[in-house]
Amino acid sequence: MKKEWLLILALGLPVAGCGDGPAPKEEAVVLVHGLGRSPSSMLILGQRLRWAGYRVTVAEYPSRTAPFAEQLATVRGIVEECCSDASRVHFVGHSLGALVIRGYLVEHRPDSLGRVVLLAPPNRGSLFVDWLDEMQLASEMLGPVGSALGTDTTDLPANLPHPDYEVGIIAGSRSTQPIGPPAIPGPDDGIVSIEQARIGDVPMLVLPRSHAFIANSRHTANAVIRFLRTGGFAGG
């Protein structure tokens with residue numbers, strides 16, 4: 001953990017609250033990390049976005065301990081603090097962070113909302129979480145919200161409304177952990193399958209990356225930047 005904070009300080013990436021990027025009225029990007037992760041997990045992607053000219057803020061929230069409503073409230077406070085003067089506010093979320101963004105935008109959508117990119121999102125739940133639940137390990141390992149990321153109709157993913165804003169999905173197809181392949185049929189990133197990441201006809205790009213490290217890939221960063229600028233993944 002100490003090394004992670006040293007990296008954050010070295011690269012000058014804000015971990016919460018208002019970023020120190022470009023001048024006001026420019027475009028901002030709010031990054032939301034995944035379950036059990038910290039702002040440092042979005043460090044590399046955040047720096048690449050800053051190099052692309054965006055003002056970047058990483059929203060830190062209690063992913064394993066707080067109920068979903070509290071997570072949304074935390075993100076709302078960070079967005080109001082950091083981005084009220086931005087010309088456009090984009091959002092990029094990894095895993096649970098993608099669902100936090102979706103939940104936040106249901107009731108607290110900024111007037112200046114730009115585009116949204118969801119990285120390895122369990123939009124249709126995760127069969128890996130189902131497996132942990134069968135082993136009676138989900139609540140202990142994942143916390144109250146994480147254990148509700150299964151595929152049942154009562155679980156969190158099934159109860160989020162379809163997005164009515166510009167959104168793109170980047171899914172991974174490389175598994176680096178031993179449980180994912182037997183627990184999840186079809187191509188997956190070790191936690192979420194490609195099919196579980198889908199939302200209807202929402203544009204989706206599949207990259208050969210694992211769930212844990214998809215946000216660190218330069219190919220992911222390039223695709224995120226392309227979508228934020230153009231609304232699509234096609235192009236150079």
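Of the 236 residues in the protein, 54% are buried. The model is predicted. Its accessible surface comes to about 10400 Å², and carbon and sulfur atoms account for 55% of that area. The secondary structure consists of nine helices and six strands. Among contacts with a separation of 6 or more, 74% join residues 24 or more positions apart.

The largest nonpolar core has 44 residues, and Val-30, Phe-91, Val-100, Leu-105 and Val-116 have the most contacts inside it. Several elements each supply at least two residues of this core: strand 1 (28–32), strand 3 (89–94), strand 4 (113–119) and strand 5 (167–172), together with helix 3 (68–82), helix 4 (96–107), helix 5 (127–134) and helix 6 (138–146). Helix 4 gives the most, with seven residues.

Leaving aside neighbours within four places in sequence, Val-100 is in contact with Val-32, Tyr-61, Phe-68, Gln-71, Leu-72 and Val-75.

On the surface, Met-135, Leu-137 and Met-141 form a nonpolar patch. Together these residues have about 260 Å² of accessible area. Leu-137 is found in the loop between helix 5 and helix 6. Its relative accessible area is 31%, so Leu-137 counts as partly exposed.

How values were computed:
Residues are numbered from 1 along each chain as its sequence is written. This is a predicted model: local features need pLDDT of at least 70, side-chain atom pairs count only at pLDDT 80 or more; totals for chains, interfaces and linings use all residues. Side-chain values use heavy atoms; hydrogens and water are left out. Helices (H or I, at least four residues) and strands (E, at least two) are DSSP runs, numbered from the N terminus. Buried means under 20% relative accessible area, exposed over 50%, partly exposed in between (1.4 Å probe, protein chains only). Contact means heavy atoms within 4.5 Å. Accessible areas come from the Shrake-Rupley method with a 1.4 Å probe; for residues, only the protein chains shown count as cover. A nonpolar core is a set of buried Ala, Val, Leu, Ile, Met, Phe, Trp, Tyr and Cys residues joined through side-chain atoms within 4.5 Å. Patches are made of residues with over 30% relative accessible area and no salt bridge: like charges are joined within 9 Å, nonpolar side chains (Val, Leu, Ile, Met, Phe, Trp, Tyr) within 5 Å. A salt bridge is a side-chain nitrogen of Lys or Arg within 4 Å of a carboxyl oxygen of Asp or Glu.
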